Amino acid sequence: MKVRVRFSKKGSMKFIGHLDVMRYFQKLLRRAEIGVAFTEGFNPHMIMSFASPLGIGLTSDAEYMDIELLSPISSEEAIKRMNQAGTEELKVTGFVQIPEGKADKAMTLVAAADYTVRFRAGHEPAVDWKNSLADYFGREAIPVMKKTKRSEKEVDIRPMIYEWLFQDETVFLKLASGSVSNLKPELVMDTYLKSLGIEPDPFAYEINRCEIYADLGKENCRKLVSLYELGREILSA
C-alpha cells in the first residue's frame, strides 16, 4: 500500500535541510512502529520520496512524503503515533492512501505551489513598495536573468506567476513549481524590488509554503489540485 504523508514545518525546524528531514522521518517511522517497506539489495533503505524539498529558512503548512507500507494502518492511528513520537515543529497533518502507479509519485506530479511572503521586522524597504505591486504583476512580461549550470539566460517569469494577492502586509503567490517550470518566491520579490531601484536583502523575507499542487488539466487548460486531494483517507487497518 502506498501512502502520502502531509506535514508542516515550523519554528526552528525551518533551519533543518532536506537530508536531515529525511533522516528524521526514517527514525520517526521506526519509533511510531509503522511498518515501511525497504528496497532490496546490499544496502536496503526505506522506500520514501518527497514532493519538493523545501529551502532552508522557509516554513511550510503542507509538505509531502510518499512511503510504501508493509501492513495497513488507519490514517487516524498513523497520525497519532507519528505526532506522539515526533516534535511539534514538524507535525504530521495528513495520511492518505494513493494509487500504485509510478506516475502518481508526489515528486512527479508537482506543478505549482502557494507561498506567502512578508518582510521581517526591521528589513522593510525604506520607500513605499506596496503601491506598485499591481503594476508589476500586471505586466505582460517580467524578464530576469536566471543562472544555469553553464551560463546565464534571460527568462520571462510572468507566465510562471499564476496568481497574486496583497493583504495584511503579506504577498500571496501561486507559482509554477516542479521539473518543467520552477519559480522561487524570492526571485519574484527580488525582481520587483530591483524594478523600484531597491537592492534586495537576502534575509529580508519570511516565506511560508502553504500548499503544493498537481495539474490535472489538459494542454492550455490548467486544473490545479492539491497533492493531498489525490489520496483517500484510510478508515481502518
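These are my notebook entries on a few features I looked up in this structure.

**Ground rules.** The model is predicted, so I noted that local features need pLDDT of at least 70, side-chain atom pairs count only at pLDDT 80 or more, and totals for chains, interfaces and linings use all residues. Residues are numbered from 1 along each chain as its sequence is written, and side-chain values use heavy atoms, with hydrogens and water left out.

**Strand β5.** Buried means under 20% relative accessible area, exposed over 50%, and partly exposed in between, with a 1.4 Å probe and protein chains only.

Which strands pair with β5? Strand β10 (205-215) does, antiparallel, over nine bridges. Strand β9 (170-176) also runs antiparallel to β5, joined by six bridges. Pairing requires at least two DSSP bridges between the strands. I then looked up T116. Its bridge partner in β10 is N208, and in β9 it is F172.

**Helix α5.** Next I took α5, residues 185-195. Its buried residues are P185, V188, M189, T191, Y192 and L193. Their cover includes β5, β9 and β10, along with α4, β6 and β8. Contact here means heavy atoms within 4.5 Å. Just after α5, G197 has a positive phi of about 80 degrees.

**Helix α2.** In α2 (75-85), I found S75, A78 and M82 buried. Seen down the helix axis, they fall within an arc of 65 degrees, so they line one face. The arc is taken from the directions from the axis to the C-beta atoms. E76 and Q84, on the other side, are exposed. The buried residues pack against β1, α1, β4 and β12.

**Residue P44.** Buried or exposed, or in between? P44 counts as partly exposed, because its relative accessibility is 43%. It sits in the loop between α1 and β2.

**Largest pocket.** Seventeen residues line it; P53, G55, Y115, K184 and R209 lie nearest its centre. β5 and α5 are the elements that give two or more residues to the lining. A pocket is an open set of points on a 1 Å grid over the protein atoms alone, where a 1.4 Å probe fits, with protein on both sides within 12 Å along at least five of seven lines; lining residues have an atom within 4 Å of a point.

Terms used: Helices (H or I, at least four residues) and strands (E, at least two) are DSSP runs, numbered from the N terminus.
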